[in-house]
Amino acid sequence: MTRFAGMASGSYYWPEGLLAEQLISGLASRPDRKQQALPDGQRLLSSYRRPYDGGERAAVLVDDRSGDVLAAALVHRSCGKDSSSSGCLDDQHAVLSVFLRPGVDRTKAQPLVAWSQQVPDRMQGGEGVGEKIATTEYVTMDAARTTARPIVRPNKAFSAQVPLYPKALIYGTAQDALSDAKAKRVLRLQTVDTPQQVLAFYKQLSPPLKDIESSDGFIAGSRNGLSFSVSTTVPRDMPAITNIEVEISE
């Protein structure tokens, strides 16, 4: 999955996040997980994102012979930066986003389109009123969409002297911090690389970190007179994702 999605990002289930994480989230409900055997050695895996009653769901089209993900799809409500002022589309309107492996024609993804139209019973209202796929979009996962993009620091108060892991996506600051001062010292990132790869980046900086302290998933030190720490965690339900928190010391 991570090889397929790489560092692609977008606003589907939530604003501007890793596509890999949103696909995993859409496949998370084990009781709702289904498998469908298809011709030519292909298989369709699908599930829902709890607790949204099937209004947010995902599927992947897999080649059983190679194990490759050929295409993936999200049914979503555009709950991102381009959504309506209410936050998401209503229960009667959904968007189908289909992501194609390079070289895979959209006609090969027809099983995903058919899957999206199998609306869960819980999403069907009375008198013929229920969810409709209002928009279908196709995205080919070429290198421009799967490789890391330069990180744009959203917080000007966060010193540019502190290097940020380049193969990551900023997904927030410490808005929930106890003080505004702390919020300006913290950036949170996500990557599909491992914690070991993240910490190796900081251990190999040039000029190197001084006064290094490190432990499992953590490193701290100073560079150009500025002290900061980097901590990494892997969500229990999303082992393909690494969360990174970079904090400048007081």
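## Cores and rings in a predicted model

The largest nonpolar core holds 25 residues, and F4, L19, L74, F99 and M141 touch the most other members. The model is predicted.

**Exercise 1.** State which elements each supply at least two residues of this core, and which gives the most.

*Solution.* 
- Step 1: α1 (2–5), α2 (19–26), β5 (57–63) and β6 (69–76) each supply at least two residues.
- Step 2: α2 gives the most, with four residues.

**Exercise 2.** List what L74 is in contact with, leaving aside neighbours within four places in sequence.

*Solution.* 
- Step 1: L74 is in contact with Y12, Y13, L19, Q22, L23, R57, A58, V95, L96, S97 and F99.
- Step 2: Take up R57 from that list. R57 lies over the face of W115, at 5.9 Å from the ring centre.

**Exercise 3.** Count the aromatic pairs, then classify Y13 with W14 and Y165 with F201.

*Solution.* 
- Step 1: Centres must lie within 6.5 Å for rings to pair. The count comes to five aromatic pairs.
- Step 2: Y13 and W14 stand 6.4 Å centre to centre, with 55 degrees between the planes; the pair is tilted.
- Step 3: Y13 counts as buried, at 4% relative accessibility.
- Step 4: For Y165 and F201, the centres are 5.5 Å apart and the planes at 85 degrees, so this pair is edge-to-face.
- Step 5: The pair links distant parts of the chain, 36 residues apart: Y165 in the loop between α4 and β9, F201 in helix α6 (residues 195–203).

**Exercise 4.** Are Y165 and F201 buried or partly exposed, and which cluster links them?

*Solution.* 
- Step 1: Y165 has a relative accessible area of 5%, so Y165 is buried.
- Step 2: F201 has 24%, so F201 is partly exposed.
- Step 3: Ring pairs link Y165, F201, Y202 and F228 into a cluster.

Conventions: Residues numbered from 1 in each chain as written. Predicted model: local features only at pLDDT ≥ 70, side-chain atom pairs only at ≥ 80, totals over all residues. Heavy atoms only, no water. Phe/Tyr/Trp six-rings, centres within 6.5 Å; stacked < 30°, edge-to-face > 60°. Buried < 20%, exposed > 50% of the residue type's maximum accessible area, 1.4 Å probe, protein only. Lys NZ or Arg CZ within 6 Å of the ring centre and 35° of its normal. Core = buried A, V, L, I, M, F, W, Y, C linked by side-chain atoms within 4.5 Å. Contact = heavy atoms within 4.5 Å.
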